[in-house]
Every structure is written in structure tokens, then in C-alpha cells.
Amino acid sequence: MASRTAPESLRWVQDLVNTLDIETGADALSADGGPGAFLRAHGVAEPGAGERELAALQELREALREVCLAHTAGTGVPERTARTLERLFAAAPLVLALAPDGGTALRPAPGLGGAAQFTARIAAGIATAVADGTWTRLKACEAHDCRWVFYDRSPAGRSRWCTMAVCGSRAKMRTYRARRAESE
């Protein structure tokens, strides 16, 4: 099976959303080192600490999970989720950086730190992914007890589960059992 890891522009979205294991309830953002450890691991120099950073990252995580679920279902993003992301991205502005060779890149605005800087980097990655057509291939597993974010590399772009071997098989078995129960 091809890798389910997202392209570089979307890897931080995938990393953030997958900090929560829905099945077990384990939240890497709340673990030892908290959000500061996560942010440092993702190159945020001054990550800040405390409940405010944790709450901001968790809110961003869950809004991004909702977008990935919409990608899986092929539906629009819920209005509440869109408003949440607009608010979070507005507090994390980007600037267009120019390189000496004429190249450009979106970067967090000067002075941003912690969750705001990370959020700006997420926004830049999403902008890149929208431009190259990969954004809607970042999906959340359809299984209600999973919701793990994966990158859909299938030719048709219709994958619904993080893995067919686990979540896909479980869903198909539940459907099979439900049909058998109806026919008995």
C-alpha cells in the first residue's frame, strides 16, 4: 500500500490532527512537555506554554479534523468550522517573502510566536496545497472511533478509511452483519 503520509505542504496539518487518538483518548498535546514540546518539534522557536497555547492548538486541530472529514464525505465544510478557521487564521497573518532569485513564499508575519506562528505555517501549507490541488486529498478516516487523518493517494481519490486492513474491514464487517440481521 502507498504511504498515507501527506505531502510536505500538508504534513503539519496531518501531524497536528493526529495528536489525538480518538479511540484511546490519548492527546499528545496534553502529554509531558505539552504544547511546547509539539511546537518545538515543528520548528517554533518560542512556543510559549500553558493552557492558552493548548486550547488554541486543540481548537485548530478539531476544526482541521472537521475539514478533513468534509473532504472524506465530499461535502462542504460546516459553516461553524469555516468561521473558526477564519478567526484563527486572521490572528496568524502571513507575509509574502521574496527571495533574491525572484521566488516567493508565504511566511508567518514577523513577531508571531507559539500557536499563532504554527497556525500561520499551517495556513501557508494549506494555501500551497489548494494551489497544487492536493488539499482535498487530506482526509479523516470515516470510522467514528478513529478519525485519523491520512493522505488519499488512490487514483480516484475516494478513500474513506485510514487503512482498509483495520478501519475499512471493520466497517465492511459491521455492514455485513447488519444486513444479515435484517434478513433473519
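I asked which element gives the largest share of the lining of the largest pocket. α1 does, with 6 residues. Helices (H or I, at least four residues) and strands (E, at least two) are DSSP runs, numbered from the N terminus. This is a predicted model: local features need pLDDT of at least 70, side-chain atom pairs count only at pLDDT 80 or more, and totals for chains, interfaces and linings use all residues. Residues are numbered from 1 along each chain as its sequence is written, and side-chain values use heavy atoms, without hydrogens and water.

Next I noted the lining by type: 6 nonpolar, 3 polar and 5 charged. Ala, Val, Leu, Ile, Met, Phe, Trp, Tyr, Cys and Pro count as nonpolar, Asp, Glu, Lys and Arg as charged, and the others, Gly among them, as polar.

Then I turned to salt bridges (a side-chain nitrogen of Lys or Arg within 4 Å of a carboxyl oxygen of Asp or Glu). I found 6 in the whole structure. Arg87 and Glu59 form one, at 2.3 Å, N to O. This pair links distant parts of the chain, 28 residues apart: Arg87 in helix α4, Glu59 in helix α3.

Are Asp152 and Lys139 buried or exposed? Both are buried (under 20% relative accessible area; exposed is over 50%, partly exposed in between, with a 1.4 Å probe and protein chains only). Their salt bridge has its closest N and O atoms 2.8 Å apart. Asp152 lies in the loop between β4 and α6 and Lys139 in strand β3, so the pair ties together parts 13 residues apart in sequence.
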